[in-house]
Amino acid sequence: MSEQVAGGRIDVSVLGPVQLRRDGVPVPLGPQLTTLLGILLLELGKPVPSRRLATLLAGDDVSDAARATLRSHVAHLRRALEPGERALEPGERGQRGKGLIATVGSGTAAGYRLDLEPACVDAVRFEESVRESRRLLALGDAEQTDRAVAILRTALDDWHGEPYADLADRPFALVEIARLRAVHRAALLAYAEAVNESGRHAEAIGDLIGAVAVDPHDEGLRCMLALTLYRDGRTDEAAEVCRHGLALLGGRGIDAPELHRLQRDILRREVRQPSGGPSGGSSVPRMLPPDLPRFVGRAQELSTAEDRLVGRDEPRSAVLLVLGPAGVGKTSASLRLAHRLAPRFPDGQLYANLRGFDASAAALAPTEVLRVFLEALGVAPEQIPANLNAQMARYQAQLRDRRILIVLDNAHDADQVRPLLPASTTCATVVTSRNRMSSLIAVDGAHPLTLGLLDEEEAGQLVADRIGADRAGKEPEAVAEIARLCAGLPLALSIAAARAAANPQFTLQALADDLAGAGVLDRLADSDSSVDVRAVFSWSYRALTPAAARLFRLLGLHPGPEFTAASAAGVAGVGRRAANALLAELTGAHLTGERVPGRYVMHDLLRAYAGELSEADPERDAARRRMLDHYLHSAVAGDRALMPHRQPVAVAAPEEGVTPEDIAEVDPLAWFTVEHQTLIAMVGCAAQAGLDRHAWQLAWATATYLGRGSYWHDVLTTQSLALSAATRLDDRPAQAQCRRELSHALAGLGRPEQARFQLHRALTDLADIADPNGQAYIHLSLGWLCELQGDRRAATHHDQVALDLFTRGGDRGGQARALNAVGWDLAQVGDYRQAIGYCRQALSLHAELGDDAGAVNTWDTLGYAYQHLGEYIIAVECYEQALGLNVGHRFKEAEALAHLGDCHHALGDLTAAAASWGRAYAIMSELRTDGAEAVRAKLELCGARTRLAAAGQVEGERRALSTAPSTRAPEK
């Protein structure tokens, strides 16, 4: 199959050198374009970050030049795929491409995705052919077997050599190359078995000779070649294949019992079965522990696991790796899955607790487990070999052609698991581990399935299931509180529920209060360490390297809901590359989780455990200062990007080892949005630790973002802490700044008198300090507050005082803001022409300073003046300028949209008016501002008038809708 695109039909070959064809004709690609195409094919249909692509193409070079080169390569590859596809214009950067290579995301999250139909790739077609042939072979019908053989023959003929041959030495391609080799091997063996069964032995000999030549140490392939030669009457050649193979394998210390047995049978002319078959006795093992009588949740995970292991019709050659943090219920879920699947594996089930994280006993060695498994499979103890390789060979021989399910619980690493994996395609294996075991996924093709915490409903069900639905139903709020305090961790929930069940005289609320009032880990302790949450966590912690254990402890200081590699690097005082490596270890051990790429989380119980460990760490105070420095300097840079001409504060240099976020590489508004809750928590952390300068400066750095979003409760919280910190420092300018920000929050929350009190106190703080600009900003805020209360004369007075002070203090950005404020005051009393003059002066200053943020209010004021002069077209242009420059200020956006709707209505464009009012109403409703109802009334009337207009019944005055009262927004 190929894909029809502009310029011809496209297909891609990766079974050999990577090659692009259009209409069957090869399209020449240079080495870099071949590599780029290969990477995109390896992630077909998935976005690949630009940073990763640039790194893979240019090594560690992630400079602007490397990124530019990447864009050039992508453009050339687009043209190679689709000659008619135009390049993106500069203004389209970050938009989704419309061709086969789509541009996705923006900023640091930008990347590319290859949207080629999978069936256009020969490797995909090869695997589909193998799957279809297996399905036909499973039917056991002679006609279907012939069809399967034909399909396999065609597929094998299309195999042109080493997959991704151009990329065979590139690490990012090795996993897929190994996987495709395994698929090819399985296809070749299936084909050979099928033609052997049909008596057409000679048809498979050529392929098998070639495969053995490529991999002469593959015992399975060599056995199949020898068997096929024997069945074709070429006994001497078959025996020689066995002899040569035994010599090669023996040279590597490999016993190869199957090849020994086949050689013996060939020499005796006693070959009975194609694969040599197991020798010795056999039995049906039933080793699964009992299923849990109570099991809650995991329906989706179990369904996914079942599909990966057995599919709908037949067992798959698969290893399922069940991952998750300590106490999340991996063993419970795996046993429930195993019992559900047991009927699909009639030849038995094997189970072993590998004790990979057992504090009281050593982990089981593979030889110990193999001995138990072999005995369960019917091998007499005296016949079990002593060395590992011989045991593995005997074990795999016993499993061949049998349908057996193997459960390997609590594995520590891939080396402990790999010798226990079956070679048979009819068996399935479930492995549970706290460690990620990436090599088992990459090399052995294991399917990872990560279990997360239970959601609120599932956690409540678990508690109710343990204590009884009647008792839980009487106190649903307490059940929800217990579930929250236990962080949705099944082990913790089970312990808490057991306490409740053992103490029926206690109310559930009393138990919840007890959990909340004391150290939660103390209340989840038990004399049996296997059901003690702290002890269970400690087993994973003790397995860490010293550096990772140190980072885990210090992360217990982090109060936010999530953290980045950069902030973790600051906490630990290490470079980002080292932090990434340590976080990979913590994530692999499931002591942290990566919620999205680059953002990490700990659930509350792990955070509490890490916090306990950090209390005894002598680096605790230094790590906290580094952490706060990271967020302070990152937030200051973000604030500067949002409002470049805001009056700055003097921030001390960061501690050694701290590298703030590179705000220039991201959208500052997006950064603040993501870090919103963390930054608020950091202000509280600094205040609690007595780091007062960090506390008030962090609150200052977040004020612009929080004010623009009208997050007044958060401003009230952070600025209250900041004011206390500044007071302890006896820093009067800082106190005045905090009081001004606090006044905005109080006014926004409908408490204008308290806001006025804070502003007058701020003026008092600056009374003896020569700071005309600081006083001017407070007068601007007083002017805004007076206007909110309807006192226009007082508002004009304060704004004029602010203008005079800014002029005297030489703050041209403040002067521009004050000019706009006076212009607004004049517009409110109907002096629109003079208001326009003030606004034009303000815009000149804004333009001179490059202050787009400051110009937003001025364009809105200018539009308001032109609107009331009846010059609606100019007013529309002004409001659109205000909207175009606005970055994240929701209140200003809503005001400008409301005014824009008024102008469109006055011009007779009811559709545009309704669209602007609709957007304004949505924002005002979200912010709960007073103007929302007035805009809603306009929308309703506009809807009625639109219907009348459609019927031809609207005549007369187009300005029938009155303009709602407006106020200027605080300077944010």
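Author: What follows is a walk through the aromatic pairs and their surroundings. The model is predicted, so local features need pLDDT of at least 70 and side-chain atom pairs count only at pLDDT 80 or more, while totals for chains, interfaces and linings use all residues. Residues are numbered from 1 along each chain as its sequence is written, and side-chain values use heavy atoms, with hydrogens and water left out.

A search of the whole structure finds 11 aromatic pairs; rings of Phe, Tyr and Trp (its six-membered ring) pair if their centres lie within 6.5 Å, and planes under 30 degrees apart count as stacked, over 60 as edge-to-face and the rest as tilted. One of these pairs joins F552 and Y609, which are tilted, with 6.1 Å from centre to centre and 45 degrees between the planes. F552 belongs to helix α24 (residues 546–555) and Y609 to helix α27 (residues 604–615), so the pair links distant parts of the chain, 57 residues apart; helices here are DSSP runs of H or I with at least four residues, numbered from the N terminus. Both F552 and Y609 are buried, where buried means under 20% relative accessible area, exposed over 50% and partly exposed in between, with a 1.4 Å probe and protein chains only.

W824 and Y864 form another tilted pair, 4.8 Å centre to centre and with 40 degrees between the planes. Because W824 lies in helix α36 (residues 812–828) and Y864 in helix α38 (residues 852–868), this pair ties together parts that are 40 residues apart in sequence. W824 counts as buried at 0% relative accessibility, and Y864 is buried with a relative accessible area of 8%. Elsewhere, W671, F672, Y705 and Y711 form one aromatic cluster.

Conventions. Helices (H or I, at least four residues) and strands (E, at least two) are DSSP runs, numbered from the N terminus.
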